[in-house]
Amino acid sequence: MRPDQPGHAPGDDSVEVGRIVAPWGVRGDLRVEPVTDNPKRYRPGSVLRLRGRPTKVVRSRESGRRLVVKLEGVDDRNAAEALRGELLTIRPEEAPPLGDGAYYHFQIIGMGVFDERGSRLGEVTGILRTGGNDVYEVRDGEGREVLAPAIADVVLDVDTERGRMTVRLPEGLAAATEG
């Protein structure tokens, strides 16, 4: 069970594929922290959304773990600086389909989490990326949090249409939720 990027952009129905970190140079290039496993997302000619509006990628290149991206209409350092911290997004329907058992983060965040008996444990409020597998942060209405590893032994069922996940928590985690 492997959730996949991108994440959900807060406050709307768009899907985050990157965050502008800083300007790069003096011609409007941007340092971007990519939040996507899709290497084609930043190819020249690709269309992303910036502040809800479509914008075209003019050029891009890798720079370590980040990218340097030139967007149409961002032509100098001042314009690039004004975009620091902004999200680059796509519409949910533009995200390519994933294989069985793989989910985008935006499909998981906000999902109700239930144990095998049908008792509600809370909802997924965040996803921690670890080396081996993701871990779902599940918070109940009283602020208690459980960390559920996104592995087949723990996550028994994910129903994206109903917004419902069924889990079998390991012994130590199950006891912590009954507090």
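Reply: Here, Asp159 forms a salt bridge with Arg162. This is a predicted model, in which local features need pLDDT of at least 70 and side-chain atom pairs count only at pLDDT 80 or more, while totals for chains, interfaces and linings use all residues. Residues are numbered from 1 along each chain as its sequence is written, and side-chain values use heavy atoms, with hydrogens and water left out.

Me: Why is the contact of Asp159 with Arg162 called a salt bridge?

Reply: The term requires a side-chain nitrogen of Lys or Arg within 4 Å of a carboxyl oxygen of Asp or Glu. The closest N and O atoms of Asp159 and Arg162 are 3.9 Å apart, so the pair meets that limit.

Me: What makes Arg162 count as exposed?

Reply: Its relative accessibility is 60%, and exposed means over 50% relative accessible area, buried under 20% and partly exposed in between (1.4 Å probe, protein chains only). Arg162 is therefore exposed.

Me: How do you know that Arg144 and Glu142 form a salt bridge, and which label does each residue get?

Reply: Their closest N and O atoms are 3.5 Å apart, so the pair qualifies. Arg144, at 36% relative accessibility, counts as partly exposed, whereas Glu142, at 65%, counts as exposed. Salt bridges that share partners also join Asp140, Glu142 and Arg144 into one network.

Me: Why are both Glu145 and Arg139 called partly exposed?

Reply: Glu145 has a relative accessible area of 37% and Arg139 one of 34%, so both values lie in the in-between range. Their side chains meet in a salt bridge at 2.9 Å, N to O.
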